[in-house]
Amino acid sequence: MSHDAETDARWMRHALALAESSLYITSPNPRVGCVIVRGDAVLGQGATQQAGGPHAEVVALRDAHAKGHDIAGSTVYVTLEPCSHHGRTPPCVDALIEARPERVVIALCDPNPLVGGQGVARLREAGIAVTLGACADEALALNAGFVSRMTRGLPWVWLKSGVSLDGHSALPGGDSKWITGPLARADGHQWRARSCVVLTGIGTVRADNPLLTVRDVPTPRQPARAVVDTRFEIDENARLFDGGKVWVFVCQNDPAKAERLAARNVEVVVMPSMSSGIDLPSVMRWLAAHEINEVHVEAGARLSGALLETGCVDELLVYMAPMLLGQGLGMARMPAAASLEAAERFVFIDAMPVGTDMRLRLRHPGHWAALTQALDQAVQHRLAG
């Protein structure tokens, strides 16, 4: 059987496309795709389902069985190392070993300390060849939040903003409806849908009274919503208190108010404070400890600036409209950089038109490097052990 890299990449991209089909449903689990092939024929394929449902490998094996295929001697392409532990479901590696493929090609080793390296080791012990690393960068990008939570103890955070060509997110008086067009706003809802939580600040709640729900794209799951409200000033009749899960992060608690909100599925979380307000890195660690992989931030300039200043933002999701406002509010309120060399820098990873606007995606290079290094170190340690 040919094991050329080009063929492996082609089939792994097929598996990644399957993983993307479960983009909105797998949290807190990773999005995983699996395709089983013999030659140029697909024997079975599938993607991980909702937490507690079957993983991608089991879905693909069942698909192959339903079609009458014996996968012995085939090649299995899977975007993440098959699990080797009993969690919400039995170990996928057991099902693969029983099916006896000739080879398993894995894009990314699992950073979960319950899994990392053990799935690979068990496959090899069973006499099944394993190839690692096909389309690893694409697989990591699809599950940056899961990998970040497992290796850094932090979620992966992107900050969404709509701005004019001259970088303003609103007119001087605060009017921002609408700088970007309807297609850009719908695209933004896709990013809400793929996140685990939509985070905003008390200023935005006061100004806009938003729902923060996903409405412009179909989704079987609404993300949780969260508000940073240092002094616990939020109106108890705010629209986002609609029965869905909401976290309110505060430094000053009001037990009676918190109890009233608890009856509406709102949890008030008291966090430590910093000189500038709430301790935002502690908020992120709390979210990761509660199985939050990805955070979608839609906030005003003050909270956006504070998140950037404290190093909490991993990506920027910027929708730029073809208009000039002349003067207005910036997307983030931050102290001036001491010099151009000292400025916080991101790198472009994607740019594409969305309707009449342009969507720009940028990534913090240091955070991405730390993520990949932590993943490599964790996997190497476990494989060596």
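Below are my entries, in the order I made them.

**Ground rules**

I am working with a predicted model, in which local features need pLDDT of at least 70 and side-chain atom pairs count only at pLDDT 80 or more, while totals for chains, interfaces and linings use all residues. I number residues from 1 along each chain as its sequence is written, and side-chain values use heavy atoms, with hydrogens and water left out.

**The open sheet**

I began with an open sheet of 5 strands, which has mixed pairing and the order E2-E1-E3-E4-E5. Strands here are DSSP runs (E, at least two residues), as are helices (H or I, at least four), and both are numbered from the N terminus. Two strands count as paired if DSSP finds at least two bridges between them. I then looked at the edges: E2 (41-47) and E5 (129-132) each have a single partner strand, so one side of each is left without a neighbour in the sheet. Neighbouring strands are turned by 15° against each other on average, direction ignored. For such angles, axes are lines fitted to C-alpha atoms (for helices over the stretch in contact), and the angles run from 0 to 180 degrees between N-to-C directions.

I zoomed in on E4 (residues 103-106), which runs parallel to E5 and is joined to it by 4 bridges. Valine 104 has valine 130 in E5 as its bridge partner.

**Helices on the sheet**

Which strands does helix H2 touch? Helix H2 (residues 56-66) touches E1 (33-38), E2 and E3 (75-78), and its direction makes about 140° with that of E2. Contact here means heavy atoms within 4.5 Å.

Next I followed helix H4 (residues 118-125), which lies across E4 and E5 and runs at about 150° to E5. Buried means under 20% relative accessible area, exposed over 50%, and partly exposed in between (1.4 Å probe, protein chains only). After H4 comes glycine 127, with a positive phi near 85°.

I looked up the largest nonpolar core, which has 60 residues, with Met12, Ile36 and Leu123 making the most contacts inside it. Such a core is a set of buried Ala, Val, Leu, Ile, Met, Phe, Trp, Tyr and Cys residues joined through side-chain atoms within 4.5 Å. Helix H1 (residues 5-20) gives the most to this core, with 7 residues. Another core lies apart from it, with 34 residues, including Cys251 and Phe346.

**Aromatic pairs**

How many aromatic pairs does a search of the whole structure find? The count is 4. Rings of Phe, Tyr and Trp (its six-membered ring) pair if their centres lie within 6.5 Å; planes under 30 degrees apart count as stacked, over 60 as edge-to-face and the rest as tilted.

I checked tryptophan 158 and tryptophan 191 first. Their ring centres are 5.3 Å apart and their planes at 85°, so the pair is edge-to-face. Tryptophan 158 is in strand E6 (residues 156-163) and tryptophan 191 in helix H7 (residues 182-194), 33 residues apart. Tryptophan 158 is buried at 2% relative accessible area, and tryptophan 191 is buried at 8%.

I then turned to tryptophan 247 and tryptophan 286, whose ring centres are 5.3 Å apart with planes at 80°, so this pair is edge-to-face. Tryptophan 247 belongs to strand E10 (residues 246-250) and tryptophan 286 to helix H10, 39 residues apart. Trp247, Phe249 and Trp286 form one aromatic cluster.

I noted a cis peptide bond between serine 27 and proline 28, with omega about 5°. Proline 28 sits in the loop between H1 and E1.

Cysteine 135 has a positive phi near 55° without being a glycine. This cysteine 135 is in the loop between E5 and helix H5 (136-142), and counts as buried at 9% relative accessibility.

Asparagine 265 also is not a glycine, and has a positive phi of about 70°.
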